[in-house]
Amino acid sequence: MKDFRGRVAVITGAASGIGRSLAIQLAELGCDLALVDVREDGLATAAGDCRRTGRTVTTHVVDVADRAAMEALPGTVDAAHGRVDILVNNAGVSVGSTLEDHTIEDFEWLMGINVWGVVYGCKFFLPLLQKSDDAYIVNLSSMFGLVGVPGQSSYCLSKFAVRGFSEAIAAELADSRVRVMSVHPGGISTNIARNMRWSGRQDSARERAVKFFDRKAMPADKAAARIVEGMRTGAQRKLIATEAYITDVVKRFVPVLPPKVLARVHAWFNGKQ
């Protein structure tokens, strides 16, 4: 996608983080926007930032895990904008827990947003995207969609699913005007660590995670710029941040990492070594 002017982009999880930064950058490039999130206040703030560019922006308070709401959303967006050229399935959540302590309810909550939200977005917006002369689906996976990490079994489950789903539909749409990109960020400065659910973990673990992201993570606007770059070049997969590239290289040479090595890394991060 070389020119974003006059395009319409739908972005989920647009109230903060990568979604908000991507919305602002696409607006600056000439896109009109349909911004989707469950947080009405954050959504309104993000929309205000985008409207300063002079673009048309609509907001939609929708839970991406709600099938009926997601099925109705394309019609609402089409009525407001008349087209859809870009779909960014960015909404995501995380749970920090071992499998032993992880509740089934938290698994279901996370999968509803991280997996079903992506499936609903792609499935229900596809007819509109297929009407475009140049369309893009951008699905946010993670570096945890490349490697299984202890304490993040549900998150890894969801992000591996997004990766495989994206590769499958990219092949299905290869002869169409709709391209698909799977994005694999490493540590990005967003609210995901602050908003993470924790099961069977001490508050100190949450504090360490938040401090780690605040100190080491890539700013969300830089991650968003990499995604825009990927769309410009027609990428099918985009790695973001040094740790994502390192993980990818290591997995190429050692496809199955020794569980004890990953366990030690997990223990170190949680202050147990």
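How many bridges pair β2 with strand β3, and in which sense? Select residues 57–61 for β3 and look across to β2: the two pair in the parallel sense over five bridges (strands count as paired if DSSP finds at least two bridges between them; strands are DSSP E runs of at least two residues, helices H or I runs of at least four, numbered from the N terminus).

Before going on, note that this is a predicted model, where local features need pLDDT of at least 70, side-chain atom pairs count only at pLDDT 80 or more, and totals for chains, interfaces and linings use all residues. Residues are numbered from 1 along each chain as its sequence is written, and side-chain values use heavy atoms, with hydrogens and water left out.

Now pick β2 itself, residues 32–37: six of its six residues are buried (under 20% relative accessible area with a 1.4 Å probe, protein chains only; exposed is over 50%, partly exposed in between). D32, A34 and V36 sit on one side, with L33, L35 and D37 on the other. Click A34 and you'll find its bridge partner T58 in β3.

Over to β1, residues 8–12, which runs parallel to β2 and is joined to it by five bridges. Here I11 has L35 as its bridge partner.

Next stop is S142, in the loop between β6 (135–140) and α5 (153–172). S142 counts as buried because its relative accessibility is 6%. Show its contacts (heavy atoms within 4.5 Å): leaving out residues up to four places away in sequence, S142 touches Y155, K159, V183, H184 and P185.

Finish at V250 in helix α8, residues 242–253. V250 is partly exposed, at 35% relative accessible area.
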